[in-house]
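Here are a few exercises to work through with the model open beside you. Try each task on your own before reading its solution.

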Amino acid sequence: VDTPHPASEAYRIGIRALQRGDWAQMEDYMLQVVTIEPSAADGYYYAGEALRLAGQPGQAITYYNQAIGLDSAFAPAYLGRARARLAGEPNENDLAAARSDLETAAEEDPDLGETFLELAALDIAGGQFESALAQLDQAAGRLPDSPLLHLYLGQAYLGLDRKSTRLN
């Protein structure tokens, strides 16, 4: 997500903290962004990313919800919330809510290729290999060099092969 924040040096510092993997500093600076610019949905999104990447997905969801509350069409917040819901050992409700978030993200921003990768991963985990291939086709047009794209393609094709072997 790259949005202009001319009034806030905190945003640029927060992005640099992201690049360094300094999640605590990233969260602090992104919270400064939303203090200065209360309508900055991406500030809450990045604060959520900081917590998710720091291994606190439950707390990250609060920030993603705030981003969505400010801008219900902000696709990265749905993607982040889905990833947070999938962290650890998700239950059936988490899986359903994550899928719903990912579908919303794809609808709001069809160019957000990571959404299709996450949907494909869900489909592969659920044994829905044909659906995963359709998602990966969408991802390929947006992220052709992604290593995850190729990993998931391999997994989906192996899954299809296993299914056809069992049927014979």
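**Exercise 1. Find the residues with the most contacts inside the largest nonpolar core.**

Step 1. The largest nonpolar core holds 36 residues, and Met-30, Tyr-46 and Ala-67 have the most contacts inside it. A nonpolar core is a set of buried Ala, Val, Leu, Ile, Met, Phe, Trp, Tyr and Cys residues joined through side-chain atoms within 4.5 Å. Buried means under 20% relative accessible area, exposed over 50%, and partly exposed in between (1.4 Å probe, protein chains only).

Step 2. At least two residues of this core come from each of helix 1 (9-20), helix 2 (23-36), helix 3 (41-53), helix 4 (57-70), helix 5 (75-86), helix 6 (92-108) and helix 7 (113-125). Helices (H or I, at least four residues) and strands (E, at least two) are DSSP runs, numbered from the N terminus.

Step 3. Now take Met-30: leaving aside neighbours within four places in sequence, Met-30 is in contact (heavy atoms within 4.5 Å) with Tyr-11, Gly-14, Ile-15, Gly-43, Tyr-46 and Ala-47.

Step 4. There is also a second, separate core of 13 residues, with Phe-116, Ala-120, Ile-124 and Leu-133 among them.

A note on the source: this is a predicted model, where local features need pLDDT of at least 70, side-chain atom pairs count only at pLDDT 80 or more, and totals for chains, interfaces and linings use all residues. Residues are numbered from 1 along each chain as its sequence is written, and side-chain values use heavy atoms, with hydrogens and water left out.

**Exercise 2. Check the span of helix 4, then locate its buried residues.**

Step 1. With 14 residues at 1.5 Å a residue, helix 4 should span 20 Å, and its end C-alpha atoms are 20 Å apart, which agrees. The expected span is 1.5 Å times one less than the number of residues.

Step 2. The buried residues of helix 4 are Pro-57, Ala-60, Ile-61, Tyr-63, Tyr-64, Ala-67 and Ile-68. They lie on the same side of helix 4, because their arc around the axis is only 170 degrees (taken from the directions from the helix axis to the C-beta atoms).

Step 3. Helix 2, helix 3 and helix 5 are included in what covers these buried residues.

**Exercise 3. Is Thr-115 buried or exposed?**

Step 1. Thr-115 lies in helix 7.

Step 2. Its relative accessible area is 0%, so Thr-115 is buried.

Step 3. Not counting residues up to four places away in sequence, Thr-115 touches Leu-79, Leu-102, Ala-105 and Ala-106.
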